[in-house]
Amino acid sequence: MLVVVLIIGILAAVALPQYQKAVFKTRATEAVLMASNVQKAVDAYILEHGWGTEYQDITDELDITVPASTCFNPNAIAFEYNNASDYYYIAIINGPQACSNFLQLVVEKYPGENAWRKTCDYGENTPAENFCRELEKQGWTSAAW
């Protein structure tokens, strides 16, 4: 009996970290899909309303549905000014530490640029770091917090 309990304990010790990595990767993939949905919604907003001229939170005006099961949410989608002559749309997608494992996705759209600037921020030595490194292959930039 003791041997069986010991074997189950060893298997659980090995399996749990792998399970946690798989759950994180699933949640992080949901965040990337959310970023893609945000980009499409903001592009549609720009087509309909044009570029803004002052700070404006457009989160409630976008046609975005956030699944109830996701840990990641767009917590700010706004037209912002970086300085007097540089303005852009920005969305920051992150979640609570327990869900996000120190992962934050930032997508930015600047006037005159067709492509979105996409950044994956991560906590060092976390599963988020490996996830962000994988996103670099898809054109994202990554940075440690």
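These notebook entries concern a helix pair and a disulfide in a predicted model.

**Basis.** I worked from a predicted model in which local features need pLDDT of at least 70 and side-chain atom pairs count only at pLDDT 80 or more, while totals for chains, interfaces and linings use all residues. Residues are numbered from 1 along each chain as its sequence is written, and side-chain values use heavy atoms, with hydrogens and water left out.

**Helix pair.** I looked up helix 1 (residues 2–49) and helix 3 (residues 127–136); helices (H or I, at least four residues) and strands (E, at least two) are DSSP runs numbered from the N terminus. Their axes come within 11 Å and cross at roughly 45 degrees. Axes here are lines fitted to C-alpha atoms, for helices over the stretch in contact, and angles run from 0 to 180 degrees between N-to-C directions. The two helices are therefore oblique to each other, given that angles under 35 degrees count as roughly parallel, over 145 as roughly antiparallel, 65 to 115 as roughly perpendicular and the rest as oblique.

**Contact.** I noted that Phe-24, Lys-25, Ala-28, Thr-29 and Val-32 of helix 1 meet Pro-127, Ala-128, Phe-131 and Leu-135 of helix 3 (contact means heavy atoms within 4.5 Å).

**Disulfide.** I found one disulfide in a search of the whole structure, the term denoting a pair of cysteine sulfur atoms within 2.5 Å. Cys-120 and Cys-132 form this bond, with their sulfur atoms 1.9 Å apart. Cys-120 lies in strand 5 (residues 117–122) and Cys-132 in helix 3, twelve residues apart. The torsion about the S-S bond is about -60 degrees, so the disulfide is left-handed.
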